[in-house]
Amino acid sequence: MQSRKIIHIDMDAFFASVEQRDNPELRGKPVAVGHDGGRGVVSTASYEARRYGVRSAMPMARAHKLCPDLIVVPGRHDVYKSVSRQVHAIFHDYTDIIEPLSIDEAFLDVTENKKGMALAVDIAGEIRCRIREELHLTASAGVSYNKFLAKIASDFRKPDGITVIHPDCALDFISGLKISDFWGVGPKTADRMHYMGIFTGRDLQKCSLRHLTEVFGKMGRMYYDFARGIDMRPVETEYVRKSVGCEHTFSCDIHKSSAIIIELYHTVLELVQRIDKARFEGRTLTLKVKFADFTQITRSITLNKMLHSKDDILPAAKRLLHEVEYSPARPIRLIGLSVSNPSVEAEMHKADWVEGFLEFDGYL
């Protein structure tokens, strides 16, 4: 495993940087990409804006309060996709073993590379140099022997930085990490680990596999391995779609059942169109609801048939919505739906989901 050479490339504030590149008047100024309306959220913030605390997914109204001089520009996703293709064209000059994580980041396996270069750090440096010279943008890079460490390394010296984690230094590096910096540890998991007395990689290294799996299930094995610098996952070049979804943020919060059902219906219609376009098959439907206070919940159900049409999805969506408690004091801000393939666990418990469905006349 330690003979592999993995690079993680992450474009710096990608959308905002493209806007600053294409509009010189925006350079050096706090910029946010997104919809500048009452329901707008920040898609990407420039580093000048981040100094004020502006972050992705933040309500635009709050971003304006934090940074009164914030300049908001609408997103140009066709442009971002075009630039992303240019970045990947540079990647392909070095390797075809590329795993995109999103439009602005990817893993590269350069163990065997087209240039015959011995050191992955030299490849990462050359790629970053070409991105700067050819596209007039900056990227950060992490270099190590597995995906976990390469991903963490790319965030270590952002923006426009490069970090190498050598196998001989990996355990020391991991021991000094905050647990919230671990890949796969979100805020809720971090809080749970803090409750257990786990605040750093060093603390995690002291935990037994048995204890971690008792608390976190199959994720406990991953945390145990990551704490020891172990990540056997290959860079996967073939993208396998795992879900198709869509969501709608309403122009104003809603709490009346009739209005919510109408919005759910329109969301189902859009989801059906996306499923058809993607030629996707899945049996698990997930409902996402975000309330006015930005708290959110999800509800999922797995059926014993593939979900393709409105007639398949709408009844299941209504059943999931019936489990959601909303009121004038707790109105809904956003509804989202997604269809995914059932997990092994869902397959095992499929009958539990299917059996005993009740019709709710008020929702028909």
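Me: Which strands does H12 lie across?

Reply: Helices (H or I, at least four residues) and strands (E, at least two) are DSSP runs, numbered from the N terminus. H12 lies across S9, strand S10 (284–291) and S12, at about 155 degrees to S9. Axes are lines fitted to C-alpha atoms, for helices over the stretch in contact, and angles run from 0 to 180 degrees between N-to-C directions. H13 also packs on the sheet, where it touches S10, S11 and S12 and makes about 45 degrees with the direction of S10. This is a predicted model, in which local features need pLDDT of at least 70, side-chain atom pairs count only at pLDDT 80 or more, and totals for chains, interfaces and linings use all residues. Residues are numbered from 1 along each chain as its sequence is written, and side-chain values use heavy atoms, with hydrogens and water left out.

Me: At what angle do H12 and H13 pack?

Reply: Two packed helices are described by the angle between their axes and the distance between the axes. Here H12 (residues 257–278) and H13 (residues 310–322) pack at about 140 degrees, with axes 10 Å apart. That makes H12 oblique to H13 (under 35 degrees is roughly parallel, over 145 roughly antiparallel, 65 to 115 roughly perpendicular, the rest oblique).

Me: Which residues of H13 does H12 meet?

Reply: Contact means heavy atoms within 4.5 Å. Residues of H12, including Ile260 and Leu264, meet Lys310, Ile313, Leu314, Ala317, Lys318 and Leu321 in H13.

Me: What is the strand order of the sheet?

Reply: Two strands pair if DSSP finds at least two bridges between them. This open sheet of four strands has the order S9-S12-S10-S11, with antiparallel pairing. Its edge strands are S9 (243–254) and S11 (296–302).
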